[in-house]
Amino acid sequence: MNFFRGVMGGQPAGPQPSGAETIQKLCDRVASSTLLDDRRDAVRALKSLSKKYRLEVGTQAMDHLIRILQTDRSDSEILGYALDTLYNIICNDEEEEQDESEEETQQKQVDDLGAQFTDRFIQDQENITLLLTILEEFDFHVRLPGVKLLTALLKNQCAQLQGIILVSPMGVSRLMDLLADSREVIRNDGLLLLLQLTKGNAAIQKIVAFENAFERLLDIITEEGSSDGGIVVEDCLLLLLNLLKNNSSNQNFFKEGSYIQRMKPWFEVGDDNSGWSAQKVTNLHYMLQLVRVMVSPVNSPGATASCQKAMFQCGLLQQLCTILMATGVPADILTETINTVSEVIRGSQVNQDYFASVNAPSNPPRPAIVVLLMSMVNERQPFVLRCAVLYCFQCFLYKNQKGQGEIVATLLPSTIDANSISAGQLLCGGLFSADSLSNWCAAVALGHALQDNLTQKEQLLRVQLATSLGKPPVSLLQQCTNILSQGDKISRRTKSEKGSKVQTRVGLLMLLCTWISNCPIAVTHFLHNQENVPFLTAQISENLGEDERLVQGLCALLLGICIYYNDNSLENYTKEKLKQLIEKRIGKENFVEKLGFITKHELYSRAAQKPQPTFSTPEHMLFDHEFTKLFKELEGVITKAVHKSSEEEKKEEEVKKTLEQHDSIVTQYKDLIREQDTHIKALKEQVAGLTSQSEEMQTTITQQLSQIQQHKDQYSILKLKLGKSGDQGSALDGAQVNGLQQEELTQLREELDELRGQQSLLQTQLSDKDALINSMKSETATAASAQVAGASDTSELLREVESLRVQVQRQAAEISELQTERKELLRRAETGASAPATVDGAVDASKVAELENLLASQNEEMQKLKDELTSLSSNRTALDTELASANSTVAILQAEKTKLQNEVQETKKEQDELLMLLADQDQKILSLKQKLKDLGETIEDEDDLDTRDQFEEEDEEEEDDE
């Protein structure tokens with residue numbers, strides 16, 4: 001009652017109870033009250049006291065609160081109070097941490113308190129299962145504190161809780177449902193919960209990813225405004241980073257799900273880039289990190305290449321290059337964008353070619369590479385930005401011989417353009433500038449242009465530099481060695497800083513080692529300068545400080561490369577003489593010790609870890625990642641080369657020659673083996689074909705054997721049915737069997753007689769059909785011959801009629817001419833009769849008489865021709881009639897022929913069917929005979945039957961004669 005009076009504001013009757021006593025009473029009330037309202041009030045009171053009396057409430061009330069979660073599931077209000085109370089005692093509150101931040105020991109106690117209560121809560125794994133079940137409640141006042149409590153538990157004991165949730169049925173799936181909650185508060189707290197859950201556990205990361213997490217998170221990012229969104233976008237990006245970083249399975253799932261294409265809109269920035277909010281900078285920073293995770297050099301080469309290809313095809317690389325060349329972009333975003341572009345193009349020829357074609361929006365336009373190199377060699381630019389540009393240049397040249405050739409070509413005399421700034425000019429300017437960091441970056445960048453490219457190493461030997469007016473130009477190789485050997489000039493250029501001198505010299509030595517390694521021509525050029533070898537031996541033999549020992553180790557490496565890749569073209573500096581010089585001036589053990597000091601250096605170990613140059617300060621920039629790989633490759637072979645004697649080298653040369661001979665022999669054998677492989681392959685194909693045939697035949701044999709076995713089984717069954725066994729049964733059984741046999745024999749004989757009758761009938765029908773076919777064939781032949789004869793007579797008559805027609809026409813023409821002549825003569829005769837008689841009258845009269853006689857004869861002949869023509873016309877009409885009748889006869893014969901052919905075909909079909917039927921009948925007869933024989937009946941063949949019939953007929957005739 002005192003507690004309730006205190007709550008209600010009344011004056012206490014006695015002394016105030018302590019917090020522990022009050023909490024004890026409340027716990028007793030929670031445990032003993034039967035009314036739900038009383039328990040609810042007690043739990044609400046415990047919640048109000050849980051922040052101030054965290055230890056007491058956690059110690060006394062935790063078990064009661066867990067029991068409330070188990071028993072009072074139906075009341076959402078008491079569940080919410082219990083979850084809030086548990087959250088207060090388990091979570092390390094920020095306000096409490098701030099209040100107690102003055103004393104570190106007290107802060108540790110607070111952290112330990114949360115961890116202790118967490119351990120106590122998760123001792124029973126059923127508590128976590130219970131909590132996951134409660135999260136399925138849709139009530140806001142239950143679900144939200146449940147999510148907060150589980151998040152606090154994960155913060156305190158992440159690994160143990162991950163293991164419990166992983167083995168819990170549908171545990172991760174229940175938590176993923178929080179992202180689909182329509183209430184943003186629960187969804188956002190669910191994001192924080194998943195952030196804690198996915199830390200460092202690949203199994204849970206895979207489950208979350210396959211629960212469609214990528215789709216949901218990208219949808220939330222889009223809904224919240226992408227890079228312009230708030231803290232929710234940041235949480236989504238952090239969760240995506242958790243799921244993808246160092247998880248190749250999820251990365252492949254992300255790529256195969258086409259989620260890379262959905263990242264492109266994130267990087268669409270406007271022309272006005274002023275006034276970026278801090279949240280936008282943070283969001284874009286995490287977005288760029290997400291891109292880098294997909295194309296990180298630590299991923300497998302195949303996965304990285306496929307992601308790089310997808311980023312180019314969807315336009316993501318182009319969008320990043322737009323940000324790279326945009327104005328007003330914050331420095332840290334620009335730096336991270338450069339690093340991102342670097343890894344997107346690293347080792348991808350297509351992406352590297354595109355990057356080489358990108359131009360900055362300047363007047364006149366300049367390549368993006370040139371603009372970036374200008375920032376790298378500018379000492380006023382931020383250090384991290386210069387490191388990012390160097391990394392970008394290294395990635396551009398990584399496995400890109402085309403790009404290496406383009407960079408080296410800008411240094412050659414034939415390609416230098418005095419009116420424009422090239423990459424080669426910037427590198428040379430940085431190599432010999434007063435800034436030691438520019439010296440180092442330019443040397444490393446130029447070394448990458450020569451990495452694993454013998455052609456460019458030889459081309460770079462052609463580069464000539466004009467040092468000052470009036471002096472002849474010197475080669476780039478000579479100028480680098482001159483700078484190394486002139487320490488006082490380095491001191492002046494580097495502002496007398498000891499570290500800067502070391503940085504410049506280390507950079508130049510790395511460049512020289514990369515340049516002349518695996519290039520005997522460059523080694524010869526280097527040794528041709530008489531001052532180089534004495535300078536190297538002097539540097540190695542001195543005893544200097546730790547920083548200078550790095551320079552000594554690199555000098556030892558450079559001298560070892562001169563020995564290992566020496567082609568003995570210079571008499572004074574052959575392999576043997578250089579080794580003798582090391583032994584006399586330095587000592588082999590001292591030389592190897594100086595060489596081995598490099599690998600023991602801390603900065604060397606850092607640089608060897610990953611390709612990106614990440615350094616806290618400029619003074620730590622001493623080694624390049626690619627150079628560490630080169631050093632690791634050369635250290636062992638140089639040590640062996642220095643320790644070898646001349647005899648061993650001769651032996652090695654002999655061995656090399658022998659190996660070359662062996663290689664030629666091996667090559668011949670390889671060719672022979674290839675031919676044999678081809679032959680063997682052909683033989684294998686033949687064997688495979690024969691094997692398949694054998695298998696088919698074996699299958700056929702197996703089928704036939706099975707059929708034979710079936711027949712044998714049927715035969716055995718039939719024998720059993722017919723009672724053909726060795727031992728006979730009783731007499732009654734025998735009588736029954738004989739009765740059955742007699743019935744079967746009678747039936748079989750009837751069937752046999754019936755089949756014989758059918759066979760004889762079919763044979764009779766077959767003979768009739770054959771006779772019909774023969775008669776049809778003869779009629780068809782007669783009709784065909786008649787048709788041929790009629791056709792020949794008709795053609796002959798036609799030819800005769802045509803000749804008569806021509807003759808009639810000719811005679812008609814002659815008649816017309818004679819008639820014309822007659823008319824002319826008659827006209828003349830009439831004219832002569834009217835005129836007086838002259839002396840020539842007798843002559844004209846005789847001529848007229850002759851003409852009249854001729855005319856009469858012509859008329860007679862014409863009359864004969866007309867008669868003959870009439871007779872011919874009548875003959876022709878008769879012939880036409882005969883021809884028409886012949887044609888009709890031919891048509892009738894043709895129709896009959898077609899009909900006969902059809903009948904022949906049908907008859908043939910019927911004959912074939914009869915033959916098949918006869919064959920079936922014969923088969924049945926044979927089977928029936930066989931059955932009869934099996935039944936013990938004597939069956940005679942048809943020949944025997946015919947012979948017996950003949951004998952019977954002869955006997956009858958003899959009897960008749962008697």
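Tyr669 counts as exposed, at 51% relative accessibility, where exposed means over 50% relative accessible area, buried means under 20%, and partly exposed lies in between (1.4 Å probe, protein chains only). The structure is a predicted model, in which local features need pLDDT of at least 70 and side-chain atom pairs count only at pLDDT 80 or more, while totals for chains, interfaces and linings use all residues. Residues are numbered from 1 along each chain as its sequence is written, and side-chain values use heavy atoms, with hydrogens and water left out.

Tyr669 lies in helix 38, which covers residues 646-722; helices (H or I, at least four residues) and strands (E, at least two) are DSSP runs, numbered from the N terminus. Together with Ile665, Leu672 and Ile673, Tyr669 forms a nonpolar patch on the surface, and these residues have about 370 Å² of accessible area together. Such patches are made of residues with over 30% relative accessible area and no salt bridge, nonpolar side chains (Val, Leu, Ile, Met, Phe, Trp, Tyr) being joined within 5 Å and like charges within 9 Å. Accessible areas come from the Shrake-Rupley method with a 1.4 Å probe, and for residues only the protein chains shown count as cover.

For the chain as a whole, the accessible surface comes to about 53700 Å², of which 51% belongs to carbon and sulfur atoms. The chain has 41 helices and 4 strands, and buried residues make up 40% of its 962 residues. Among contacts (heavy atoms within 4.5 Å) between residues at least 6 apart in sequence, 72% join residues at least 24 apart.

Ser258 is partly exposed, with a relative accessible area of 38%. Lys399 counts as exposed, because its relative accessible area is 62%.

Side chains of opposite charge can pair when their charged atoms come close. The structure holds 25 salt bridges, a salt bridge being a side-chain nitrogen of Lys or Arg within 4 Å of a carboxyl oxygen of Asp or Glu. In one of them, Asp38 is paired with Arg29, and the closest N and O atoms are 3.8 Å apart. Asp38 is partly exposed at 22% relative accessibility, and Arg29 is also partly exposed, with a relative accessible area of 31%.

A salt bridge also links Lys255 and Glu256, with the closest N and O atoms 2.7 Å apart. Lys255 counts as buried, because its relative accessibility is 18%, whereas Glu256 is exposed, with a relative accessible area of 52%.

The side chains of Lys629 and Glu626 likewise meet in a salt bridge, at 3.4 Å from N to O. Because these two residues are 3 residues apart in helix 37 (residues 625-643), Lys629 and Glu626 are separated by about one helical turn. Lys629 is partly exposed, with a relative accessible area of 40%, whereas Glu626 counts as buried at 9% relative accessibility.
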